[in-house]
Amino acid sequence: MLKVIDVYKTYKKGKQVINALNGLSFEVNENESFAIIGPNGAGKTTTIKIILNLIYPDKGKVLIFDKDVLDYNTRRYIGFAPEIPYYPLHMTAFELLKIFINIYNINIQKNKIEEYFELVKLKEFMNVPLSNYSKGMLQRFSILQAIIIEPKLLILDELTSGLDPIGQFEIIEIVKKLKGKTTILFTSHNLSEVEQICDRLVIINKGKAIFYGSILELKQKFSFNKYVLKYKVDNQIKEIEIDNLENLNIKENEIIEIKKKELSMYEIFFELITKDKN
Ligand SMILES: Nc1ncnc2c1ncn2[C@@H]1O[C@H](COP(=O)(O)OP(=O)(O)O)[C@@H](O)[C@H]1O
Ligand SMILES: [Mg+2]
């Protein structure tokens, strides 16, 4: 449903030119959960801003259902929760949400609105000023204002950044409930959360895709050359990690088990980014 096609974007900072995106391409299928991951400065937020048409690419284009995002009607069904939400904190969540509902001209009953508040676990706090909300609650409100329009594409930038483990868990639970009901595009530095939520992902570094595919494909791609070897010496069981099975200086009868090592998302990410020489 979303196509990002060969997008380039440079920023100018005084005399310095920053190549934020260098020919980035990927596609997201309808109702799939898709992650963009990459180190700080890789170009994730720039990509999202281009999809939202907040900034324009220097080259390339973005299509939603094969229509250019330059057209307002294409963007009408995108719900967006920004990395750093700014809200008028003197208002209650319900008052502010009603403003969003009016802007989008949505016809929605109060009990349906309450269901949405329930979904993001804020129903008890509907009529509390946002100034009394914690960071996690504000983040959940941010998701609420993005989903109230029933988006066909839900974009969540830095899903759980800056939240404590409970706050992260609460957001992950909400996204799991939304998963499969709409197309979700999100960025995150929490790779265990990425693994739990996404179907496919693109890993970007310096504005280019260095991996694009499913978590399974990613793990398969990086699993070959590591082994975990369990062996016995002096009646003690030891375990070592090795890159290959040649020239082992362990006697065959001491070996208990040889397993292919399953790399964690963090190990894979580290390998990919540190070996990316371009
Ligand atoms: N408005 C801007 N002006 C100048 N440089 C920018 C601007 N926004 C982003 N950049 C630069 O572009 C690169 C990509 O940034 P960004 O898309 O925010 O990365 P990410 O979200 O992956 O951390 C970074 O080097 C960043 O410093
Ligand atoms: Mg960012």
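This is a predicted model: local features need pLDDT of at least 70, side-chain atom pairs count only at pLDDT 80 or more; totals for chains, interfaces and linings use all residues.
Trainee: What makes up the protein, in helices and strands?
Mentor: The protein has nine helices and 13 strands. Its C-alpha atoms fill a box of roughly 75 × 45 × 35 Å along the principal axes. Of its 278 residues, 28% count as buried.

Trainee: How do you know how far apart in sequence the contacting residues are?
Mentor: Take the contacts between residues at least 6 apart in sequence. Of these, 69% join residues at least 24 apart.

Trainee: Which residues surround ligand 1?
Mentor: The shell holds Tyr11, Lys13, Ile18, Ala20, Gly38, Asn40, Gly41, Ala42, Gly43, Lys44, Thr45 and Thr46. Elements that give two or more residues to it are β1 (2-13), β2 (16-28) and α1 (44-51). The most comes from α1, with three residues.

Trainee: What makes the shell around ligand 1 nonpolar, polar or charged, class by class?
Mentor: Count by class: four residues are nonpolar, six are polar and two are charged. Gly counts as polar, and the shell includes Gly38, Gly41 and Gly43. Lys counts as charged, and Lys13 and Lys44 are in the shell.

Trainee: Why is Asn31 called partly exposed?
Mentor: Asn31 has 14 other C-beta atoms within 10 Å. Buried needs 20 or more, and exposed needs 12 or fewer. The value 14 falls in between, so Asn31 is partly exposed. Asn31 is in the loop between β2 and β3 (33-37). Its phi is near 60°, a positive value in a residue other than glycine.

Trainee: Why does Asp66 count as exposed?
Mentor: Asp66 has 8 C-beta neighbours inside 10 Å. The cut-off for exposed is 12 or fewer, so Asp66 counts as exposed. Asp66 lies in the loop between β4 (59-64) and β5 (67-68). Asp66 is not a glycine, yet its phi is positive, about 65°.

Trainee: Which residues of the largest nonpolar core touch the most other members?
Mentor: This core has 52 residues. Ala35, Leu144, Ile155, Leu156, Leu185 and Leu201 touch the most other members. The largest share of the core, five residues, comes from β2.

Trainee: What is Leu201 in contact with, leaving aside its neighbours within four places in sequence?
Mentor: Leu201 is in contact with Phe34, Ala35, Ile37, Val194 and Ile215. Contact here requires C-beta atoms within 7 Å.

Trainee: In what order do the three strands of the open sheet stand?
Mentor: The order is β12-β11-β13, and the pairing is antiparallel. β12 (236-242) and β13 (255-260) each have a single partner strand, so one side of each has no neighbour in the sheet. That puts both strands at the edges. Neighbouring strands are turned by 20° against each other on average, direction ignored.

Trainee: How do you know that β11 and β13 pair?
Mentor: Pairing needs at least two bridges. Five bridges join β11 (residues 227-233) to β13, so the strands pair. Among the bridge partners, Tyr231 goes with Ile255, and Tyr227 goes with Lys260. In general, strands of a sheet pair through backbone hydrogen bonds, either parallel or antiparallel.

Trainee: What makes β13 hardly covered?
Mentor: Look at its six residues: the count of buried ones is zero. Buried would take 20 or more other C-beta atoms within 10 Å.

How values were computed. Residues are numbered from 1 along each chain as its sequence is written. Chains are lettered from A and ligands numbered from 1 in the order in which they are written. A residue is near a molecule or strand if its C-beta atom, placed from the backbone, lies within 6 Å of it. Helices (H or I, at least four residues) and strands (E, at least two) are DSSP runs, numbered from the N terminus. Two residues are in contact if their C-beta atoms, placed from the backbone, lie within 7 Å. Axes are lines fitted to C-alpha atoms, for helices over the stretch in contact, and angles run from 0 to 180 degrees between N-to-C directions. A nonpolar core is a set of buried Ala, Val, Leu, Ile, Met, Phe, Trp, Tyr and Cys residues joined through C-beta atoms within 7 Å.
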